[in-house]
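Here is a short briefing for a reader new to this structure. It starts with one residue and its contacts, then widens out.

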Amino acid sequence: LLDGAAALPEPPSLLVHEILGEVAGCEGAARCVADAHARLLAPGAVAVPASARSLCAPCSWPSGEYWASLPNPVLSPPPGAALKLPRFPREATLAPAQPFEQLDFGSATAGRLAEPQHSRISFGLARAASLRGLALHIEVAFPPLAEGAAPRVSSADEGSHWPTVLLPLPQPAEVAVGDTLV
């Protein structure tokens, strides 16, 4: 279908995909879904999932017990390397997570799906700590059910199979309650 060699008997009205990574757009979902809407799908086609977004939060290091509890315990996290961490403890975050990427897979917005996004986010810190990096996670939303509720899942939820991505700072920074990070 990608090269136009095959044809569908009629345009589908449903697209089911799982082109999401630890950062929602890192596997090319925006371009793939936009292309499917433009070339293959019926007008008004429904996408499952309906949307995804990537969020980040400033964080400290998790406790030593957390590092030791990992399937492959980490004695000392490598400096500067992005880490994919399962069951990242929420108590390590210093402020509520803020979205920095939003992907709406609906047909009405498909033409803008692959456009670059720019975000400016700020965090009011809820506690004093040693700021060690940013914790990234994704949230995925599905089309509303008949009753109107749109189910959501998050890689930050307890029991999620998706890891949290930890982007460590080159050097820790001491922060205080009420400090603002931009």
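Leu 20 touches Glu 27, Ala 29, Pro 49, Ala 52, Phe 105, Ile 138 and Val 140, leaving aside residues up to four places away in sequence. Contact here means heavy atoms within 4.5 Å. This is a predicted model, in which local features need pLDDT of at least 70, side-chain atom pairs count only at pLDDT 80 or more, and totals for chains, interfaces and linings use all residues. Residues are numbered from 1 along each chain as its sequence is written, and side-chain values use heavy atoms, with hydrogens and water left out.

**Nonpolar cores**

- The largest nonpolar core has 18 residues, and Leu 20, Phe 105 and Leu 113 touch the most other members.
- Helix H1 (29-39) and E7 are the elements that give two or more residues to this core.
- H1 supplies the largest share, five residues.
- A second, separate core of 11 residues includes Leu 125, Ala 129, Leu 136 and Val 165.
- A nonpolar core is a set of buried Ala, Val, Leu, Ile, Met, Phe, Trp, Tyr and Cys residues joined through side-chain atoms within 4.5 Å.
- Buried means under 20% relative accessible area, exposed means over 50%, and partly exposed lies in between (1.4 Å probe, protein chains only).

**Strand pairing**

- Strand E7 (residues 129-141) and E9 pair in the antiparallel sense over seven bridges.
- In that topic, Leu 134 stands opposite Leu 167 in E9.
- Strand E4 (residues 83-85) runs antiparallel to strand E9 (residues 164-175), joined by three bridges.
- Lys 84 stands opposite Val 165 in E9.
- Two strands pair if DSSP finds at least two bridges between them.

**Surface**

- Leu 14, Val 16 and Val 46 make a nonpolar surface patch of about 260 Å².
- Like charges are joined within 9 Å, and nonpolar side chains (Val, Leu, Ile, Met, Phe, Trp, Tyr) within 5 Å.
- Val 16 lies in strand E1 (residues 14-16).
- Val 16 counts as exposed because its relative accessibility is 59%.
- The chain exposes about 10,400 Å², with carbon and sulfur atoms supplying 58% of it.
- Accessible areas come from the Shrake-Rupley method with a 1.4 Å probe; for residues, only the protein chains shown count as cover.

**Whole chain**

- The chain has two helices and 10 strands.
- Helices (H or I, at least four residues) and strands (E, at least two) are DSSP runs, numbered from the N terminus.
- Buried residues make up 36% of the 182 residues.

Conventions: Patch = residues over 30% accessible without salt bridge, like charges linked within 9 Å, V, L, I, M, F, W, Y side chains within 5 Å. Salt bridge = Lys/Arg side-chain N within 4 Å of Asp/Glu carboxyl O.
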